[in-house]
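Please study the sequence and the structure before working through each solution.

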Amino acid sequence: MTNLSPQTQAIIDAADEVFSHGGTIREGFAAALRVLADNVAPDDYKCFYGDREYDAGMEGRNDEIREAILDIATELEAN
């Protein structure tokens, strides 16, 4: 098997952890999505491009992406 990046392996590990304790597919996907959100849109993201308006826009977009991913995870866990 090909070696995976640490970020990709963390996503697989999150789902595997849920499945190893009898979790459902939806719970496993939700766990994987939460790790994905941490990887691609970290909660503490700060942009330092140098233009305050641009930086604020980038930080806002990061928050929107993170929220969208976490909303999907929450929906999976709720159903």
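The model is predicted.

**Exercise 1.** Determine which residue caps the N-terminal end of H3.

*Solution.* The residue is Asp 51. One of its side-chain oxygens lies 3.0 Å from the backbone nitrogen of Glu 53.

**Exercise 2.** Compare the reach of H3 with the expected value, and identify its buried residues.

*Solution.* Helix H3 spans residues 52-78 and has 27 residues. At 1.5 Å a residue, 39 Å is expected. From first to last C-alpha, H3 reaches 38 Å, which is close to that value. The buried residues in H3 are Asp 55, Asn 62, Arg 66, Ile 69 and Ala 73. What covers them includes helix H2, residues 25-40.

**Exercise 3.** Classify Asp 71 as buried, partly exposed or exposed.

*Solution.* Asp 71 is located in helix H3. Its relative accessibility is 44%. Buried requires under 20% and exposed over 50%, so Asp 71 counts as partly exposed. The C-alpha of Asp 71 is separated by 9.6 Å from that of Arg 34, although the two residues are 37 residues apart along the chain.

**Exercise 4.** Describe how H1 and H2 pack.

*Solution.* Helix H1 comprises residues 6-20. The angle between H1 and H2 is about 155°, and their axes are 8 Å apart. An angle over 145 degrees counts as roughly antiparallel, so H1 is roughly antiparallel to H2. Their crossing is right-handed. The contact involves residues of H1 including Ala 10, Ala 14 and Phe 19, and residues of H2 including Gly 28, Ala 32 and Leu 36.

Note on methods. Residues are numbered from 1 along each chain as its sequence is written. This is a predicted model: local features need pLDDT of at least 70, side-chain atom pairs count only at pLDDT 80 or more; totals for chains, interfaces and linings use all residues. Side-chain values use heavy atoms; hydrogens and water are left out. Helices (H or I, at least four residues) and strands (E, at least two) are DSSP runs, numbered from the N terminus. The expected span of a helix is 1.5 Å times one less than its number of residues. Buried means under 20% relative accessible area, exposed over 50%, partly exposed in between (1.4 Å probe, protein chains only). Contact means heavy atoms within 4.5 Å. A polar contact is a pair of N or O atoms within 3.5 Å; within protein, one must be able to donate a hydrogen and the other to accept it, and residues adjacent in sequence count only if both atoms are side-chain atoms. Axes are lines fitted to C-alpha atoms, for helices over the stretch in contact, and angles run from 0 to 180 degrees between N-to-C directions. Angles under 35 degrees count as roughly parallel, over 145 as roughly antiparallel, 65 to 115 as roughly perpendicular and the rest as oblique. A crossing is left-handed if the near helix is turned anticlockwise from the far one by less than a right angle, and right-handed if clockwise.
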